[in-house]
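Dear colleague,

I am handing over the structure below, and my notes on what was found in it follow directly after. Please read them with the coordinates open beside you.

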Amino acid sequence: MKAEDEQAFREFVTSEMASLRKLAYVTCGNWHTAEDAVANALIKLYPRWRKVDRPDLYVKTMVYRAAIDETRRPWRRERSAGDAMPDVVVRDPAGSTDERMRLRAALDAVPARQRAAVVLRHYLGLSLEDTAGVLDCTVGTAKSQVSRGLAKLRESLAGERIDLTGKQMEEWTSAVA
């Protein structure tokens with residue numbers, strides 16, 4: 001690769017790294033897996049750098065697919081330590097629940113393809129055409145995936161109001177310990 005192409009690639013990676021990591025994270029739900037997915041996508045992009053017309057969309061497609069592929073690997077099928085945690089939202093008495101945690105839990109309830117569509121469209125600000133390009137589907141399918149993902153997200157956020165009794169709280173804390 002020529003020096004100017006390599007410099008352009010480095011600048012591209014520097015400018016896009018944050019959004020690529022976020023896309024991978026919301027697709028797979030784990031920062032370590034997300035970083036692996038981004039690294040694998042960038043490794044595959046490097047030799048094709050001069051041939052790609054729209055590297056921003058091309059790499060987002062690669063990251064999305066790599067994040068999905070990472071969750072399909074055999075060693076990822078083993079249960080992690082986080083699987084032992086209950087799927088219950090516990091609110092603190094002061095009511096200062098961290099909104100990011102609420103949104104992350106709600107996003108986890110949305111299927112991966114719909115979650116990716118919502119993130120691409122509303123979080124990363126891609127157009128419907130670009131979202132469809134990343135997801136490798138038609139614009140109509142991208143619209144429906146975004147719409148269904150938003151509906152599921154709203155449903156998850158509205159249905160999260162869970163109040164634990166004292167006994168349930170004791171069971172939960174003993175399971176965590």
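In helix α5, the residues Q114, R115, A116, A117, V118, V119 and L120 are buried, where buried means under 20% relative accessible area, exposed means over 50% and partly exposed lies in between, with a 1.4 Å probe and protein chains only. Helices here are DSSP runs of H or I with at least four residues, strands are runs of E with at least two, and both are numbered from the N terminus. This is a predicted model, in which local features need pLDDT of at least 70 and side-chain atom pairs count only at pLDDT 80 or more, while totals for chains, interfaces and linings use all residues. Residues are numbered from 1 along each chain as its sequence is written, and side-chain values use heavy atoms, with hydrogens and water left out.

A salt bridge is taken as a side-chain nitrogen of Lys or Arg within 4 Å of a carboxyl oxygen of Asp or Glu; for charge, Lys and Arg count as positive and Asp and Glu as negative, whereas His and the chain ends are not counted. Once neighbours within four places in sequence are set aside, R115 is in contact with V26, T27, R104, L107, D108 and V110, contact meaning heavy atoms within 4.5 Å.

Helix α5 (residues 112-123) also packs with helix α6 (residues 128-135), at an angle of about 145 degrees and with the axes 9 Å apart. The axes are lines fitted to C-alpha atoms, for helices over the stretch in contact, and the angles run from 0 to 180 degrees between N-to-C directions. The crossing of α5 and α6 is right-handed, a label used if the near helix is turned clockwise from the far one by less than a right angle, and left-handed if anticlockwise. On the α5 side R113, A116, A117, L120 and R121 take part, and they meet L128, T131, V134 and L135 in α6. By class, this contact of α5 with α6 has six nonpolar, one polar and two charged residues; Ala, Val, Leu, Ile, Met, Phe, Trp, Tyr, Cys and Pro count as nonpolar, Asp, Glu, Lys and Arg as charged, and the others, Gly among them, as polar.

Two backbone angles may interest you. Just after α5, G125 takes a positive phi of about 75 degrees. D136 has a positive phi of about 60 degrees although it is not a glycine, and most residues other than glycine have a negative phi. D136 lies in the loop between α6 and α7 (139-158) and, at 56% relative accessibility, counts as exposed.

T61, placed in helix α3 (residues 55-72), is buried with a relative accessible area of 12%, and T61 touches G133 and V134, not counting residues up to four places away in sequence.

A search of the whole structure finds eight salt bridges, including the following:

- E6 pairs with R10, the closest N and O atoms being 2.9 Å apart; the two are four residues apart in helix α1, and therefore separated by about one helical turn. E6 is partly exposed, at 26% relative accessibility.
- R54 pairs with D56 at 3.6 Å between the closest N and O atoms, and R54, D56 and D130 are linked in a network of salt bridges. R54 counts as partly exposed at 42% relative accessibility, as does D56 at 23%.
- K152 pairs with E155, with the closest N and O atoms 3.8 Å apart; being three residues apart in helix α7, they are separated by about one helical turn. K152 is partly exposed at 29% relative accessibility, whereas E155 is exposed with a relative accessible area of 52%.

As for the chain as a whole, there are eight helices and zero strands, and of the 177 residues 35% count as buried. Residues 24 or more positions apart account for 68% of the contacts in the chain with a separation of 6 or more.
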